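I opened a notebook for this chain and wrote down what I looked up, one topic at a time. The entries follow in the order in which I made them.

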Amino acid sequence: MPLRGRARDGDQTALHEGLGQVKAKKAVVIQSLTSIHFLIAYACSAECDHCFMWGSPRRHSGMTAAQVDGFLDQVVSLGTVTRVCAEGGECFVHYDLLLHFLRGAARRGLSVSALTNASWVRSRAQAEERVAELMAAGLSSLGVSTDEWHRKAIPVERVDTLLEVCAAAGLAANRMETRLEGVMFRGRAAERLAPFAPTRPAGAFTACPHEKLAAPSRLHLDCYGRLHLCQGLCLGAGDSAASCAAYDAAAHPIVRLLLDGGPHALARFAAGRGFDLQAGYADACHLCYRAREFLRADFLDLLGPDEMYGDRPPRCAPHQE
Ligand code: SF4
C-alpha cells in the first residue's frame with residue numbers, strides 16, 4: 001500500500017519499509033504495550049502556552065486516510081494493543097479523517113477514545129449531531145480539555161455544551177483541566193512558562209516522573225511513523241514501527257541515560273558535548289527537554305520531529321567524536 005500525504009517523502013519511504021519489516025516479524029517485544037495514541041494532526045485550533053508540544057493553527061502536518069489504515073493494521077498485528085486514542089494537536093481539525101479513524105479502529109475490534117478542546121462546537125444542535133455521528137463510528141469516550149490557557153482561545157461555554165450533550169447521549173466524557181502545578185515544562189511550556197516558574201537544582205532531577213520508559217503501556221504515533229515514548233523522544237524514525245519490535249531500553253542512547261539517572265544524567269551527557277547546564281530548572285521535564293533539544297542534531301532519529309521542538313532548528317553540525 002503506497003503511503004501518500006502530508007508527511008515528508010523520506011520519512012514515508014522509510015516508514016513503508018519499516019512497516020514491512022514488522023509485518024514480517026508479526027510480534028512486538030514490548031509486552032507491556034496496551035494502547036497507542038494517534039497524533040492525527042500536529043495542527044491545532046489553539047496555540048496554548050502550556051502545550052507540551054508545539055501545536056498551532058500554522059502547522060499542517062498530519063496523517064492521511066491511507067496512513068491511518070496502515071497504522072491501524074500494524075497496531076493490531078502487534079498483538080498486545082487493545083485501545084487507541086485520537087489526539088493531536090486537535091484531531092477535530094480533520095473531522096472526516098477522525099471519523100475514518102474511529103470506524104477503522106472499531107472495525108478492527110479496538111476500543112477507541114478521543115481528546116478535544118471543543119473549539120469546533122458552534123451550537124448545541126451541531127454538537128448533538130456530531131456526538132451521535134462519533135458514537136455511531138465507534139467512539140467510546142471523550143476527554144475535553146479546558147483550563148486558563150485553552151480559555152484564552154476557546155470559550156468555556158463550548159466545553160460545557162459539549163459535556164452536557166455527551167451526558168445526554170450516554171457518551172462517557174470528562175473535563176480535563178490542567179493547573180499551573182500540573183504543567184509539564186516541555187515543548188512550548190518550556191519556552192513560555194518555565195522562565196516564570198520557581199526552579200530546583202538540576203541535580204534534583206534524577207528520575208523521569210511520568211513515563212514508564214523501560215516498559216511503556218502507551219505510545220504516541222505520528223504522521224512520520226515515529227513512535228514516541230514521551231513527546232519528541234522516539235523509539236526510532238521512519239522505521240519506528242520496526243523499532244518497536246526491537247526496542248531495548250538499555251540500548252537506547254537517550255532512554256538508558258534517563259533510566260540510569262533521570263534528566264540530570266542526560267543533561268550531564270549533553271554537557272559533555274557543550275550543553276550549557278544551568279543551575280536550576282522548573283521540573284524534570286524542563287531539564288530533560290532542554291538537554292534533548294540540544295542533543296537533537298546528534299540523534300535526529302530519536303529526538304524529533306520539529307513539531308515537538310518548535311521552530312528553532314537543531315544545532316547545525318552533528319557532534320564529532
Ligand atoms: S520530558 Fe523527560 S522527564 Fe519529562 S516525562 Fe518526558 S522523558 Fe520523562
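**Entry 1: a residue between two helices**

I began with Ile-254 and listed its contacts, leaving aside neighbours within four places in sequence: they are Leu-233, Leu-266, Arg-292, Phe-299, Leu-302 and Leu-303. I then looked up where Ile-254 sits, and found it in the loop between helix H7 (240-245) and helix H8 (255-271). Is Ile-254 buried or exposed? I counted 21 other C-beta atoms within 10 Å of Ile-254, and since a residue is buried at 20 or more, Ile-254 is buried.

**Entry 2: the model as a whole**

I reminded myself that this is a predicted model, and looked up its confidence before going further. The protein chain has an average pLDDT of 86, and 87% of the residues score at least 70.

I counted 10 helices and 10 strands in the protein chain, and noted that, of its 321 residues, 49% are buried. Among contacts between residues at least 6 apart in sequence, 76% join residues at least 24 apart.

**Entry 3: the sheet**

I traced an open sheet of 8 strands, with mixed pairing, in the order E5-E4-E3-E2-E1-E7-E8-E9. Which strands are at the edges? They are E5 and strand E9 (233-234), each of which pairs on one side only. Within the sheet I followed strand E1 (residues 35-39) to strand E7 (residues 218-221), and found that the two run parallel and are joined by 4 bridges. Ser-35 is the residue that stands opposite Arg-218 in E7.

I next looked up Arg-179, which lies in the loop between strand E5 (172-176) and helix H6 (188-192). Arg-179 has 9 C-beta neighbours inside 10 Å and therefore counts as exposed, the limit for exposed being 12 or fewer. I also noted that the C-alpha atoms of Arg-179 and Asp-147 are separated by 7.1 Å, although the two residues are 32 apart along the chain.

**Entry 4: two helix pairs**

For the pair of helix H2 (residues 65-78) and helix H3 (residues 95-107), I found that the axes come within 10 Å and cross at roughly 25°. Angles under 35 degrees count as roughly parallel, so H2 and H3 are roughly parallel to each other. Their crossing is right-handed. On the H2 side I listed Ala-65, Val-68, Asp-69 and Leu-72, which meet Leu-97, His-100, Phe-101, Gly-104 and Ala-105 in H3.

For helix H4 (residues 124-137) and helix H5 (residues 156-169), the axes come within 9 Å and cross at roughly 50°, which makes H4 oblique to H5. The crossing of H4 and H5 is right-handed. Here I noted that Arg-124, Ala-127, Glu-128, Val-131, Ala-132 and Met-135 in H4 meet Thr-161, Leu-162, Val-165, Cys-166 and Ala-169 in H5.

How values were computed:
Residues numbered from 1 in each chain as written. Predicted model: local features only at pLDDT ≥ 70, side-chain atom pairs only at ≥ 80, totals over all residues. pLDDT = per-residue confidence, 0-100. Pairing = 2+ DSSP bridges. Axes fitted to C-alpha atoms, helices over the stretch in contact; angles between N-to-C directions. Parallel < 35°, antiparallel > 145°, perpendicular 65-115°, else oblique. Left-handed = near helix turned anticlockwise from the far one by under 90°. Contact = placed C-beta atoms within 7 Å.
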